[in-house]
Structures are given as structure tokens and as C-alpha cells.
Amino acid sequence: MATNVGDLGRVKKGPLFARRPSFQTGERELSLRKNRRRRALRPVHVLLLVALQAGFFLALREAYLFLLTWDHLTIRRVEVVCAKPNLKQALETHFASPRLGNILLCDLQALRRDIRRLAWVKDVSVGKVFPSSLRITVVERAPFALLERGGLFLADEEGHVLEPVYALDEYRLPVISDANGFAAGFHEKWEAAGLCYRSLPPQEQARLAAIRCGEYGSLELAFRDDPVRVVVGRVGAAEDLALFRSRRADWESRFGPLAAADLSFEGRAYLRPAEPPAEAAGNPSKETE
């Protein structure tokens, strides 16, 4: 018995990634609203939140008050770092008694301002070392010269007065003075004198006894082992002094011992003999090219 099989055709398969049907915007919002549950905040929840906040701030307040009154945080030790022994001892003695209180309440900026008022202090840093210490690091001023201004004072490179001086032998430093007692232009004159002093060779610095500021920008140099006063300009003071050293023997051979030599004028030297001859008594000054 024969069986006829007909052509059933190819079986159509669906696509591998089928696209889901999309919802309209209104249908999506409606579906989300249906799934969303409205939660109402009850009065008991509000009271609970308020109570939690109140408890938190109360605990924070109590902890803060405890730290401020905790004896373990009271400053008991102040460490001073300073290269000048006298200044270090003075600061350690000043902070010896425990009177700075709680370390959390210590005003470091105010303390720093108070320390900077000391004459020898150029700068200072103050830091807290928990739980009960402070560390003070001092940058002290360095003596530079003696200032003659209504008295004799030790001063640093900026002209800041450090302390009075009662004997010149106490410090082997030059005395800086002014013809008018620094009535005007103190900082400019002090800076010029300091620049002159620093420009000199070390052997001349060791011999220098004084620098006197003149009216027209000149500087008069006096030396410990030499009676001759040498006047130099504010610019090129070392060169003027070197010129005097190189020409002195020739000048003294021509004019005799000198009392002063003014080299502050470019290209000229004005010489004043120590003991002018009798015939030159009316005109003691000599001018040479």
C-alpha cells in the first residue's frame, strides 16, 4: 500500500531576538502608579526622628564639655626650640607654670603674636602636641652692628633694636651713626651702611670700627688700627676703599700723613693732611685726579 506524502513546505523560524511590544507613555505611567505604594509618615515617626536628633546633639554637647574640662588635656609642658640660650631659658621660665589651660582652647595665633613682641625674636611657630604639650620654635635675630641713635644699641641687619649697649668692647661690631642722628631716612641710610659693610673684604670688615652716614649719600669709614677717615660712595664702597689702599703711599709721600681721604666723587680724590705745612695752613685740603 502506497502512501503519498505532500510537500509541507519549509518551517519558518522566528527571529533570535524578538522585539518586545512597547507600551505607550500613558500605559507605562499607569502601570508604575499601580505598583507604587504610598507610605505616609506617621506622627510617631516624626517624634522618633526628633528624639534621635535631640539625643545626638545632647551627646555631642556632653562630649564637648567633657573634653574641655578633661584634666588629661590640660597643657603641662612647653618645649622651646631656640639656638640662643638666654632667650630659650627666658621662654622656658615664662611658660614654666601650667597656666595655658586646655589644649583645645589654646589660641596659637595670639600666643605667637605675644612671643614675636620680644626684641630677639624674628619669627616663631607654635604647634600643639597632643594630649598636653606645646612646641615653640623660635627664629632669633642675629646681631649685625651697633646703632648710635640717642644712645648705643645692638641692632640686627634690618635695624631692629635688640638691647642697649654700655661698652664698645662688649661687641666687636662697627658703630653705625648719622650726621643728623637719623632724624630722617633711617631705613635708607641703615640699608646703605649695611650694604657697604657687607661688600668689604673680610680683613677690612675685621678692622672696621664705624660707619658714619653723610648728608649727600656718602659714608665715612673709621678703622680700629688707622687714624685716617676714608669717605666712600654708597655704590662701589669696596672699590673706593681699595683705590685708597693702593694710592695711599704715593699720596702721603707727596702731601704727608693724611687725616682723611674723600673718594665719594667719581674720578677725584680729596685729601686732608693730618698736619698741613705752615705755608699751606690756609688751604689744608688737597685735590688730586
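Predicted model: local features only at pLDDT ≥ 70, side-chain atom pairs only at ≥ 80, totals over all residues.
Local features were taken at pLDDT of at least 70 and side-chain atom pairs at pLDDT 80 or more, while totals for chains, interfaces and linings use all residues. Residues are numbered from 1 along each chain as its sequence is written, and side-chain values use heavy atoms, without hydrogens or water.

Helices (H or I, at least four residues) and strands (E, at least two) are DSSP runs, numbered from the N terminus. A residue is buried under 20% relative accessible area, exposed over 50% and partly exposed in between (1.4 Å probe, protein chains only). A nonpolar core is a set of buried Ala, Val, Leu, Ile, Met, Phe, Trp, Tyr and Cys residues joined through side-chain atoms within 4.5 Å. In soluble globular proteins, nonpolar side chains tend to be buried together.

The largest nonpolar core holds 32 residues. Trp190, Ile211, Leu221, Val230, Phe244 and Trp251 touch the most other members. Two or more residues each come from strands E4 (143-148), E8 (208-213), E9 (218-223), E10 (226-233), E11 (258-262) and E12 (269-273), and from helices H5 (186-199) and H7 (237-255). H7 is the greatest contributor, with six residues.

Beyond its neighbours within four places in sequence, Phe244 is in contact (heavy atoms within 4.5 Å) with Val228, Val230, Trp251, Leu258, Ala261 and Leu263. Phe244 is itself buried, as are Ala237, Ala238, Asp240, Leu241, Arg248, Trp251 and Phe255 in H7.

H7 is not straight. It bends by about 50° at Arg247. The bend is the angle between axes fitted to the seven residues ending at a residue and the seven starting there. The end C-alpha atoms of H7 span only 24 Å, whereas a straight helix of 19 residues would span 27 Å. That expected span is 1.5 Å times one less than the number of residues. Just after H7, Gly256 takes a positive phi of about 85°.

A salt bridge places a side-chain nitrogen of Lys or Arg within 4 Å of a carboxyl oxygen of Asp or Glu. The count comes to 18 salt bridges. One of them joins Arg198 to Glu157, with the closest N and O atoms 2.8 Å apart. Arg198 lies in helix H5, and Glu157 in the loop between strands E5 (152-156) and E6 (161-164), 41 residues apart. Arg198 is partly exposed at 41% relative accessibility. Glu157 is partly exposed at 44%.

Glu204 is buried, at 8% relative accessible area. It forms a salt bridge with Arg245 at 3.1 Å, N to O. This pair links helix H6 to helix H7 across 41 residues. Glu204 also pairs with Arg207, at 3.8 Å. Glu204 and Arg207 are about one helical turn apart, because they are three residues apart in H6 (residues 202-207). A network of salt bridges links Glu204, Arg207, Asp225, Asp226, Arg245, Arg248 and Glu252.

Strand E7 (residues 175-178) is covered on both faces. Val175 and Ser177 are buried on one side, Ile176 and Asp178 on the other. Strands pair if DSSP finds at least two bridges between them. E7 pairs in the parallel sense with E4 over two bridges and with E8 over four. Val175 is the bridge partner of Leu146, and Ala210 in E8 is the bridge partner of Val175.
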